[in-house]
Amino acid sequence: MSEATLLSARGLTLRFGAIPALVGVDVDLWPGEMLAVVGESGSGKTTLLNVLSGRLAPDAGAVWYRDPAGRLHDVHTMPAPALRTLHRSDWGFVQQDPKQNLRMNVSAGGNVGERLMAQGARHYGNIRAQALDWLTQVEIDADRIDDLPRTFSGGMLQRLQIARTLVTHPRLVFMDEPTGGLDVSVQARLLDLIRSLVTRIAAVLVTHDIAVARLLAHRIAVMQRGRVVETGLTDQVLDDPQHPYTQLLVSSVLNA
Amino acid sequence: MAPVMLRTEGLAKGFTLHLRGGIRLPVLAGVTLQVHAGECVVLSGPSGSGKSTLMRSLFGNYRAESGRILVRHGGELVDLAAADPRAILAIRHDTLGYVSQFLRVVPRVPALDVVAETLIARGTAIDTALERATDLLLRLNIPHRLHGLPPATFSGGEQQRVNLARGFIAGHPILLLDEPTASLDAGNRTVVVDMIREAKSRGTAIVAICHDTDVRDAIADRLFPLTPLQDAA
């Protein structure tokens, strides 16, 4: 391990009342790698994602982010404006429900361009050109650039969210079930897109679908009832599971 | 004397089936295997003797329980069994290739891209990679009209030939081949045997599982026998 981690967490603990959502969770993420967090409903994966991204504060433990200059920042004690800046630039967040991350009363091009403007971009022609480029990359017809997202299908909304997220060239992307609820053919297209666009970007991908984890992730963390029970190389954890729960999870998956 | 490219020392591997009350299945014990550059070692032994287990352990797909798996990576012998995930991925990227028995099909990706991907990931320019992928697919008798199609609808033999192209194209110094000719007709078996011979002459160290005795005789410099640790019931 000669390269320093991009994001690290130690001892993350969080209870929702009597429910232990996270119990002593450690996470490491290196630059350019995708880490899948898998587990069944209620295992704590989305809670983990929210704590890692600073959206939810843990009861105990800490999350550190290493900026491009190599400095470490504690995500939960950094000033709120600094965290907001991070989310607008170096970080991205892809929600399961794309409407939560899109402005439905702003055009598709506007949704993509807005992130650029929030970073200080001012030249309208350039912003529009970049937006057009990204819409093309996520396979949205160029002539939809001025359409409102309310006219888009679920798959299109998700692809628009991805374009909006990637336009600022983030170093780290958090993804919460990005293909959840989509039809299989739509899901296949989206996975293909993520596979080709999210390269050399570090990402934490929460998914209940082990096949998605196998396709996309370098490493995988398996969660059960708030704990990470096993972590490692994706194909090794899935083909040679050590922990009883991982063995159960892997043996439960149907192959089409 | 050609350098040692791969060496295991006291490799042991078993499985604990927690869903079956924790039954333990020992598969490999004290395996000591050595492969030199330009050499092809074929693992032999009856079904269940641990050939695939050994091969997957060599690739880091299975986790060794004890012992070392030394791989010549970047000029040095590195222990894969003790390596962290990033190191294993780096070894697979640069040094260690694996051709599984069946192609793992990914939706939507055309056969040509499946093959070219490995080469592009290793820094080859896209046009060159696509050209070499085309040539290799044609050599393996996959015609042009199939190159743009995702392999999901291909026959088993066609899928395996795409898999072989993907495994051979990158020119890894060490190759693990699991039943490379199992789904192939005689003509294609000859093509693959030629590809293996060419790889050997380039100094590639090869470990293979091969039940076809003709192919085995054509490619093997040595056999490495494995015996089952547990008697058949």
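**Close-up views of a predicted model**

**View 1. Packing of helix α3 of chain B against helix α6 of chain B.** In this predicted model, helix α3 (residues 111-121) of chain B packs with helix α6 (residues 156-168) of chain B at an angle of about 25°, and their axes lie 7 Å apart. Because angles under 35 degrees count as roughly parallel, α3(B) is described as roughly parallel to α6(B). The crossing in which α3(B) passes α6(B) is right-handed.

**View 2. Residues that meet between α3(B) and α6(B).** From α3(B), the residues Ala111(B), Val114(B), Val115(B), Glu117(B) and Thr118(B) come into contact with Val162(B), Ala165(B) and Arg166(B) of α6(B). Sorted by class, this contact of α3(B) with α6(B) comprises five nonpolar, one polar and two charged residues.

**View 3. Arg200(A), a residue with positive phi.** Although Arg200(A) is not a glycine, its phi is positive, at about 60°. Arg200(A) is placed in the loop of chain A that runs between α6 (184-197) and β8 (202-207). With a relative accessibility of 75%, Arg200(A) counts as exposed, because the term applies to values over 50%.

**View 4. Glu179(B), a residue with positive phi.** Glu179(B), which is likewise a residue other than glycine, has a positive phi near 50°, and its place is in the loop between β8 (174-178) and α7 (186-201) of chain B. Is Glu179(B) buried or exposed? The relative accessible area of Glu179(B) is 8%, so this residue is buried, the cut-off for that term being under 20%.

Conventions:
Residues are numbered from 1 along each chain as its sequence is written. Chains are lettered from A and ligands numbered from 1 in the order in which they are written. This is a predicted model: local features need pLDDT of at least 70, side-chain atom pairs count only at pLDDT 80 or more; totals for chains, interfaces and linings use all residues. Side-chain values use heavy atoms; hydrogens and water are left out. Axes are lines fitted to C-alpha atoms, for helices over the stretch in contact, and angles run from 0 to 180 degrees between N-to-C directions. Helices (H or I, at least four residues) and strands (E, at least two) are DSSP runs, numbered from the N terminus. Angles under 35 degrees count as roughly parallel, over 145 as roughly antiparallel, 65 to 115 as roughly perpendicular and the rest as oblique. A crossing is left-handed if the near helix is turned anticlockwise from the far one by less than a right angle, and right-handed if clockwise. Contact means heavy atoms within 4.5 Å. Ala, Val, Leu, Ile, Met, Phe, Trp, Tyr, Cys and Pro count as nonpolar, Asp, Glu, Lys and Arg as charged, and the others, Gly among them, as polar. Buried means under 20% relative accessible area, exposed over 50%, partly exposed in between (1.4 Å probe, protein chains only).
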